[in-house]
Amino acid sequence: MTKKQKKSLTRIIIAALLMIILKFLPAEGWLRFVLYMIPYLVVGYDILRKAFKGILNKQVFNGKNTTTQSVAAWAESGYKSGHLTKTNKPVAHIITHELAHATWNSNLSSPNAKAAGKSVNSLYKKWRADKGKSGYGKYASTNVSEFWAEVCTKAVHGKSDKYTSAAKGIIKKYKL
Ligand SMILES: [Zn+2]
């Protein structure tokens with residue numbers, strides 16, 4: 001890992017940890033929104049988004065930018081250290097989930113995010129009504145933003161299904 005990659009990776013991990021901590025804070029409304037902006041300021045919104053997309057497109061293994069190279073190097077060192085996939089996966093899941101929030105969430109107001117929001121919401125409705133879906137935890141039904149983060153995480157770490165394909169399609173169509 002180069003110095004630049006190390007720096008960028010450290011910031012990604014700090015931001016992901018901050019997002020996890022924020023999840024357990026009781027703050028509501030605008031205060032919560034402002035707090036949620038801190039991780040994005042730490043690392044930069046674009047870097048988080050690119051990190052997630054690097055993971056999604058498996059570019060982590062042939063990545064051309066610093067972000068994806070950092071994530072790849074981090075994953076590799078995790079494997080080399082002898083940790084089993086079983087132990088590594090929950091961590092990978094949490095970080096991927098937090099990064100997925102950066103691709104789309106209901107607080108975003110850019111034209112692309114708003115346009116994508118319609119598709120995400122209708123996918124969420126379909127998904128909620130589907131009694132045959134499998135592989136989703138309860139957390140995904142918390143709200144549309146959590147659904148989005150979970151379906152995107154499933155696209156990376158879990159079994160693909162019609163919802164993960166639809167999510168990939170939405171990311172592509174709206175350039176999230
Ligand atoms: Zn979340």
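**Entry 1: the overall pattern.** I began by reading along the sequence, and the chain follows the pattern α-α-α-α-α-α-α-α. My tally came to 8 helices and 0 strands. I also noted that this is a predicted model.

Entry 2: I looked up the confidence next. The mean pLDDT of the chain is 79, and 80% of the residues reach 70 or more. Over residues 82-88, though, the pLDDT is below 50, and this stretch has 3 contacts in the model beyond near neighbours in sequence. I wrote a reminder to myself: where pLDDT is low, the predicted coordinates should not be read in detail.

**Entry 3: the chain as a whole.** I checked how much of the chain is buried, and found 34% of the 176 residues. Then I looked at contacts between residues at least 6 apart in sequence, and 60% of these join residues at least 24 apart.

**Entry 4: helix 3.** How many of the 12 residues in helix 3 are buried? I found 9 of them, so I put helix 3 down as mostly covered. Among the buried ones are Ile47, Leu48, Phe52 and Ile55, and also Arg49 and Lys50. I then checked the span of helix 3, which covers residues 45-56. From the first C-alpha to the last it reaches 17 Å, close to the 16 Å expected at 1.5 Å a residue.

**Entry 5: helix 7 against helix 8.** Helix 7 (residues 144-157) and helix 8 (residues 162-173) pack with their axes 9 Å apart, at an angle of about 105 degrees. Angles of 65 to 115 degrees count as roughly perpendicular, and therefore I called helix 7 and helix 8 roughly perpendicular to each other. On the helix 7 side, I listed Val151, Cys152, Lys154 and Ala155 in the contact, and on the helix 8 side Tyr163, Thr164, Ala167 and Lys168. By class, this contact of helix 7 with helix 8 has 5 nonpolar, 1 polar and 2 charged residues.

**Entry 6: helix 6 against helix 8.** Are helix 6 and helix 8 roughly parallel or antiparallel? Helix 6 (residues 111-129) packs on helix 8 at an angle of about 175 degrees, with the axes 10 Å apart. That makes the two helices roughly antiparallel. Here Ala116, Ser119, Val120, Leu123 and Trp127 in helix 6 meet Tyr163, Ala166 and Ile170 in helix 8. I sorted the residues of this contact of helix 6 with helix 8 into 7 nonpolar, 1 polar and no charged.

**Entry 7: leucine 17.** I found leucine 17 in helix 1 (residues 3-23). Leucine 17 counts as partly exposed because it has 15 C-beta neighbours inside 10 Å. Leucine 17 and glutamate 98 are 81 residues apart in sequence, yet 8.8 Å apart in space, C-alpha to C-alpha.

**Entry 8: glycine 158.** Where is glycine 158? I located it in the loop between helix 7 and helix 8. With 15 C-beta neighbours inside 10 Å, glycine 158 counts as partly exposed.

**Entry 9: lysine 175.** My last stop was lysine 175, in the segment after helix 8. Lysine 175 is exposed, because 8 other C-beta atoms lie within 10 Å and 12 or fewer counts as exposed. Phi of lysine 175 is near 50 degrees, a positive value.

Conventions
Residues numbered from 1 in each chain as written. Predicted model: local features only at pLDDT ≥ 70, side-chain atom pairs only at ≥ 80, totals over all residues. Helix = DSSP H or I, 4+ residues; strand = E, 2+ residues; numbered from the N terminus. Expected span 1.5 Å × (residues − 1). Buried ≥ 20, exposed ≤ 12 C-beta atoms within 10 Å, placed from the backbone. Axes fitted to C-alpha atoms, helices over the stretch in contact; angles between N-to-C directions. Parallel < 35°, antiparallel > 145°, perpendicular 65-115°, else oblique. Contact = placed C-beta atoms within 7 Å. Nonpolar A, V, L, I, M, F, W, Y, C, P; charged D, E, K, R; others polar. pLDDT = per-residue confidence, 0-100.
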